[in-house]
Amino acid sequence: MRQIIFIFALLLFCVPARAQQPIIAVIGSESGRLAYLHKDMFRAARYAVDEINVNGGLLGMQLKVVNLDNRSRADVSAEMAQKAVDMDVACVIGPMISSHAVASAKVLQKAGIPMIATTATAPQVTLVGDYIFRACFTDDFQGRALAYFIIRKLHLKSAAILQQTGETYSASLADAFADAFTNLGGTVDIVEHYQAEQTDFARELDAVRHSKAKALFVPGYAHEAAAIISQARRMGMTIPIVGGDAWGNKTHTLVNDKSLLTDCYQLRHWHRSTSNDLSRIFLYGYEAIYGPMLQDVGALAYDGVRLFVAAVQKAGTFNRKAVRDALQTTEIKGVTGKIRFDKNGDPVKSALILTYRDGRPAFFMILEP
């Protein structure tokens, strides 16, 4: 009997272990002050994975997706990246905040795990290393695009900048805008700073009001941007107010008097009014399950998963180095448009300018790279 048990155990030992189920980790804020921005990212990544699995999986294997909560903090983003390393994930989607993405990228680059950030636009993100990519355009691109928009389309050559202190995204976008604006012949008359979660901007806005600025650039997040817009207009400031992608689809909902949004503009990665057929199909399927998509980070997360899938199919393996190499030359027609990567892992793609009509975001124009 002992001999039979020994032979059976030996046979079990000799049978090759079944390949581990490939895991895609999504790092972002399920809790904390930025959680409202992330819901669509987590949901869209899961939607993309479910779509792949329903259609037979990837290389004959079912994918698994796990959410890792960074609690809206950069230091915890690094901890969650290490957790992803410990889980031996195939790829990481996110984070969406630049300071969080840089913290995660440093850990994942060292481990040789591909990361595809969603809305982390600061140049520092992909400069961490060759395993770090992003589905969104960079602050350099949107800074140039917004400077071009104000000078060439709004025909204004003086601007003020009101940026958030201690936030990588805000500083990066402000710097890129200032450089491009001056290179195009404009003048940045004044730069003011505010703190995260600040609610009273009277001092900063009064300084802008007494400058020669004909436009106000606010490279910040929705809650503060909405408060700045509301207070500026109530102070009698009628100059155009322009923001970057982090205004998202939340800013206008936080402005109680929608008439205050007149002559406000923002740059976005995607909008539901796009004529892209893939976008319409994705939006229909996603919203049938999760309800209205509130942030365009959802579209970017979906494209991020599709970029990873396309790279695995191109490489013919889940080997992370091979996938990294394949990502560098992968090109897809995504929900947010055609995406291909430059040598730094940054996508070459177009951007949208939205304005507000009847208090809601509305298409204004497309800016090409």
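Leaving aside neighbours within four places in sequence, Thr-126 is in contact (heavy atoms within 4.5 Å) with Ile-132, Phe-133, Arg-134, Asn-344, Gly-345 and Asp-346. The model is a predicted one, in which local features need pLDDT of at least 70 and side-chain atom pairs count only at pLDDT 80 or more, while totals for chains, interfaces and linings use all residues. Residues are numbered from 1 along each chain as its sequence is written, and side-chain values use heavy atoms, with hydrogens and water left out.

Thr-126 sits in helix H5 (residues 124-127), where helices (H or I, at least four residues) and strands (E, at least two) are DSSP runs numbered from the N terminus. Its relative accessible area is 4%, so Thr-126 is buried; buried means under 20% relative accessible area, exposed over 50%, and partly exposed in between, with a 1.4 Å probe and protein chains only. By contrast, Asp-130, in the loop between H5 and S5, is partly exposed, with a relative accessible area of 41%. Not counting residues up to four places away in sequence, Asp-130 touches Gln-109 and Arg-324. Asp-130 and Asp-325 lie 195 residues apart in sequence, yet 9.0 Å apart in space, C-alpha to C-alpha.

The table lists side-chain polar contacts of these two residues; a polar contact is a pair of N or O atoms within 3.5 Å, where within protein one must be able to donate a hydrogen and the other to accept it, and residues adjacent in sequence count only if both atoms are side-chain atoms.

| Side chain | Partner side chain | Distance |
|---|---|---|
| Thr-126 | Arg-134 | 3.0 Å |
| Thr-126 | Asp-346 | 2.8 Å |
| Asp-130 | Gln-109 | 2.9 Å |

Strand S5 (132-134) also belongs to a sheet, as one of its edge strands. Five strands form this open sheet in the order S2-S1-S3-S4-S5, with parallel pairing, and two strands pair if DSSP finds at least two bridges between them. The edge strands are S2 and S5, each of which pairs on one side only. Direction ignored, neighbouring strands of the sheet are turned by 25° against each other on average. S1 and S3 run parallel and are joined by three bridges, and Val-26 has Ile-93 in S3 as its bridge partner.

H3 packs on the sheet, touching S1, S2 and S3, and its direction makes about 150° with that of S2; axes are lines fitted to C-alpha atoms, for helices over the stretch in contact, and angles run from 0 to 180 degrees between N-to-C directions. H4 likewise packs on the sheet, touching S1, S3, strand S4 (115-117) and S5, with its direction at about 170° to that of S4.

The buried residues of H3 are Val-76, Ser-77, Met-80, Ala-81 and Ala-84. Seen down the helix axis, these buried residues fall within an arc of 150°, so they line one face of H3; the arc is that of the directions from the helix axis to the C-beta atoms. Their cover includes strand S1 (23-28), strand S2 (64-69), strand S3 (91-93) and helix H4 (98-111). Just after H3, Asp-88 takes a positive phi of about 60°.

Elsewhere, S11 and S12 form a hairpin with two residues between them. Four bridges join S11 to strand S12 (residues 337-341), and the two run antiparallel; Lys-333 stands opposite Lys-338 in S12.
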